[in-house]
Each structure stands twice: as structure tokens, then as C-alpha cells.
Amino acid sequence: MLRGKSRLNVEWLGYSPGLLLERRQLLAGRTPRSPGRNESSLASTLKTLLFFTALMITVPIGLYFTTKSYVFEGAFGMSNRDSYFYAAIVAVVAVHVVLALFVYVAWNEGSRQWREGKQD
């Protein structure tokens with residue numbers, strides 16, 4: 001009975017002799033990728049992520065305090081309570097703009113890398 005269970009577990013993990021042989025044949029037909037391009041792709045992705053992380057922190061906070069002090073209280077003469085409300089709306093819109101830019105850049109970067117990988 002233990003034999004059947006251990007055999008079942010091994011097959012469930014994908015290590016049956018037939019699957020292992022097929023996988024080796026599939027991997028043998030692949031062309032190896034250059035590690036330099038993969039590392040530069042990873043570095044580019046990390047730079048993009050860190051850039052948008054910095055934008056996500058600085059832009060909404062900066063716009064919140066700038067619009068509250070100079071635009072809503074200074075130029076429009078709003079009360080302190082109203083300026084908090086409208087400055088928060090500006091900050092939320094800024095968060096959405098930064099997120100939309102990140103999605104756009106990530107989408108284009110991913111499709112560019114996919115096209116470059118496909119041409120090989």
C-alpha cells in the first residue's frame with residue numbers, strides 16, 4: 001500500500017519517467033538566452049519600479065501641501081477645513097495619474113522585451 005501512495009505522490013509532482021523524458025526533450029530544443037540581456041532587463045525593471053515608487057511618495061504629498069497652502073488657501077481664499085478636502089482630492093487624482101503612468105510604462109516595456117525575445 002505504501003508503494004502505491006509514494007508512486008502517486010511522485011507522479012503528482014510531475015516526476016514520472018514519461019514526463020521527465022518529455023521535459024528533457026523540450027529543454028534540449030531551446031536556445032539558451034544570454035545572461036547579460038536578462039540582467040540588464042532586470043536592472044531596467046528595478047529602476048522603473050524604484051522611479052515610480054519615488055513618484056508615488058513625493059508627487060501626491062507635494063501636491064497636497066502645495067495646493068492646500070498656495071492654491072486653495074492663498075489664491076482662492078478658502079477656509080482651512082475646505083482646503084484640506086480639496087487638496088486631498090488633488091492628491092488622490094495624482095496617485096491615480098502616477099499609477100496609470102506606471103501601468104503604461106510597464107506594459108510598453110514588457111511588450112518591447114517580448115518582441116526582442118521573439119526575434120532571437
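Visitor: Where is K68 found?
Guide: K68 sits in helix α3, which covers residues 35-75. Helices here are DSSP runs of H or I with at least four residues, and strands are E runs of at least two, numbered from the N terminus. This is a predicted model, where local features need pLDDT of at least 70, side-chain atom pairs count only at pLDDT 80 or more, and totals for chains, interfaces and linings use all residues. Residues are numbered from 1 along each chain as its sequence is written, and side-chain values use heavy atoms, with hydrogens and water left out.

Visitor: Is K68 buried or exposed?
Guide: K68 is buried, because its relative accessible area is 10%. Buried means under 20% relative accessible area, exposed means over 50%, and partly exposed is in between, with a 1.4 Å probe and protein chains only.

Visitor: Which side chains does the side chain of K68 make a polar contact with?
Guide: One is the side chain of E73, at 2.7 Å, and another is that of N80, at 3.0 Å. A polar contact is a pair of N or O atoms within 3.5 Å; within protein, one must be able to donate a hydrogen and the other to accept it, and residues adjacent in sequence count only if both atoms are side-chain atoms.

Visitor: And how many salt bridges does the structure hold?
Guide: The structure holds 1 salt bridge. The side chains of E73 and K68 meet in a salt bridge, 2.7 Å from N to O. The term means a side-chain nitrogen of Lys or Arg within 4 Å of a carboxyl oxygen of Asp or Glu. E73 counts as partly exposed because its relative accessible area is 28%.

Visitor: What else is K68 in contact with?
Guide: Leaving aside neighbours within four places in sequence, the contacts of K68 include L63, S83, Y84 and A87. Contact means heavy atoms within 4.5 Å. K68 also lies over the face of Y84, 4.4 Å from the ring centre. That label needs NZ of Lys or CZ of Arg within 6 Å of the ring centre and within 35 degrees of the ring normal.

Visitor: Okay, rings next. How many aromatic pairs are there in the whole structure?
Guide: A search finds 6 aromatic pairs. One of them joins F51 and F52 edge-to-face, with 5.3 Å centre to centre and 80° between the planes. Rings of Phe, Tyr and Trp (its six-membered ring) pair if their centres lie within 6.5 Å; planes under 30 degrees apart are stacked, over 60 edge-to-face, and the rest tilted. F52 is buried at 9% relative accessibility, whereas F51 is partly exposed at 49%.

Visitor: Which residues do ring pairs link into a cluster?
Guide: F72, F76, F85 and Y86 are linked that way.

Visitor: Let's switch to L55. Where is its place?
Guide: L55 is in helix α3. L55 is partly exposed, with a relative accessible area of 21%. Not counting residues up to four places away in sequence, L55 touches P60 and V98. L55 and L99 are 44 residues apart in sequence, and their C-alpha atoms are 9.5 Å apart in space.

Visitor: Last one: how many helices and strands are in the chain?
Guide: The chain has 4 helices and 0 strands, in the pattern α-α-α-α along the sequence. Of its 120 residues, 12% count as buried.
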